[in-house]
Amino acid sequence: MTERELLSTSGQEIVFVLVGLVVLGAAVLCVTTRHLVHAALWLVVALGGLAVEYLLLTAEFVAWVQVLIYLGSVVVLLLFGLMLTRAPIGPSPDADSGNRPVALAVALASAACLVTLVVDAFRTTWIDLETPHGRSEALGDSLFRAWVLPFEALSVLLLAALIGAIALSRARRARAGVAANGGGR
Amino acid sequence: MHLVYPAVLSSLLFCVGVYGVLARRNAILVLMSVELMLAAVSLNLVAFDVWLRDEIHSGQVFTLFLIALAAAEIGVGLAIVLLVYRERGTSAVDRLRALADREGNEPDGNEPDRDGPAPGPGGAASRETTTT
């Protein structure tokens, strides 16, 4: 590698910065818009842009998992939640609570801290993107060899979360049944 | 690629998520902001994994686990939010003050009058003992 400067831009970096600006803008709109459904759609844009960033970092498997799970199921689940809580279609004026200036101050302070720290720490480090590092074959290999026990534990956790969600959704009927039975628990 | 770009992007995204968690009122929008924070952490993990060339791909495997955990978290969180909405009729997080630690804090107007008709299991049991 020849010598590189701080802002010597390659094509990948330019695309990364452009997509990163889109992601940041969509994220800011997601947390500031007053339309509740629009917030979910801006979240789609932000997470899809993040999938593009993963592709640029040669992590293709993570990128497609991100598209499948985040965009495919999590956002749909959020939209269902918005509809089931009867979110208004138009702009809702009380989308933000009263502590908005405090939140803005905290976010700006932490952003300043983190950005200065990160820039100072990683000023001279470079990622080698010539050989891709996130191919599905290699990732599946390490996932089912080195990480197989956490993987199985995670499947148990997903099952527990599923059962927990079902139990929470049925809690009211169960308690009504208990009250009707006269506390037969 | 310079490592600063993904690191700065993920920190900015995390701070946007922090703002959303602190400033939003609707509980589902708070969950969305939590998703943004998790996504920022995922980007950090992937960038550092590609930088360090880890042999067992720790960062990317952690990202996969994190995505699955986010799915589980959003499932349970939405179940809780829907339950609260059915019980209290609102999903605004600053109106749910039943557990607020304030002296002389009377329950607000959104508190449904459940004290009379639904006394809970203990009350029902005591009522049954009195009737029998």
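How much area do chain A and chain B bury between them, and what share of it lies on carbon and sulfur atoms? In this predicted model, the two chains bury about 7,700 Å² between them, with 74% of that area on carbon and sulfur atoms.

## The interface between chain A and chain B

Let's start with the make-up of this contact. Chain A contributes 95 residues and chain B contributes 77 residues. Polar contacts link the two chains in 19 residue pairs, counting pairs with both residues at pLDDT 80 or more. On the chain A side, the elements that give two or more residues are α1 (11-32), α2 (36-56), α3 (60-84), α4 (100-121), α5 (136-143), α6 (148-169) and α7 (171-181). Sorted by class, that side of chain A has 61 nonpolar, 23 polar and 11 charged residues.

And how many salt bridges cross the interface of chain A and chain B? The rule finds 0 there.

## Annotated spans in chain B

An unreviewed UniProt entry annotates residues 6-22, 29-52 and 64-85 of chain B as "transmembrane region". The model can be set beside two of these spans. Residues 6-22 of chain B are 100% helix and 0% strand, and their end C-alpha atoms lie 24 Å apart. Residues 29-52 of chain B are likewise 100% helix and 0% strand, with 35 Å between the end C-alpha atoms.

Is His133(A) buried or exposed? His133(A) counts as buried because its relative accessibility is 10%, under the 20% cut-off. Its side chain reaches across to the backbone oxygen of Asp54(B) at 3.3 Å. Leaving out residues up to four places away in sequence, His133(A) touches Thr58(A) in its own chain, and Asp49(B), Val50(B), Arg53(B), Asp54(B), His57(B) and Gln60(B) in the partner chain.

With a relative accessible area of 0%, Gln60(B) is buried. The side chains of Gln60(B) and Asp49(B) are joined by a polar contact of 3.0 Å.

## Salt bridges in the structure

How many salt bridges does a search of the whole structure find? The search over all chains finds 3. In chain A, Asp120(A) pairs with Arg123(A), their closest N and O atoms being 3.2 Å apart. Arg123(A) is partly exposed, at 44% relative accessible area. Also in chain A, the side chains of Asp141(A) and Arg145(A) meet in a salt bridge of 3.2 Å, N to O. Asp141(A) is partly exposed, at 37%, whereas Arg145(A) counts as exposed, at 64%.

In chain B, Asp94(B) forms a salt bridge with Arg25(B), where the closest N and O atoms are 2.9 Å apart. This pair links distant parts of the chain, 69 residues apart: Asp94(B) lies in the loop between α3 (58-88) and α4 (120-131), and Arg25(B) in the loop between α1 (4-23) and α2 (27-52). Asp94(B) is partly exposed, with a relative accessible area of 25%, while Arg25(B) is buried, at 17%.

Key
Residues numbered from 1 in each chain as written. Chains lettered and ligands numbered in written order. Predicted model: local features only at pLDDT ≥ 70, side-chain atom pairs only at ≥ 80, totals over all residues. Heavy atoms only, no water. UniProt positions renumbered as here; feature names shortened; annotations may be inferred. Helix = DSSP H or I, 4+ residues; strand = E, 2+ residues; numbered from the N terminus. Contact = heavy atoms within 4.5 Å. Buried area = accessible area lost by both parts, 1.4 Å probe. Salt bridge = Lys/Arg side-chain N within 4 Å of Asp/Glu carboxyl O. Polar contact = N/O pair within 3.5 Å; in protein donor to acceptor, adjacent residues only side chain to side chain. Nonpolar A, V, L, I, M, F, W, Y, C, P; charged D, E, K, R; others polar. Buried < 20%, exposed > 50% of the residue type's maximum accessible area, 1.4 Å probe, protein only.
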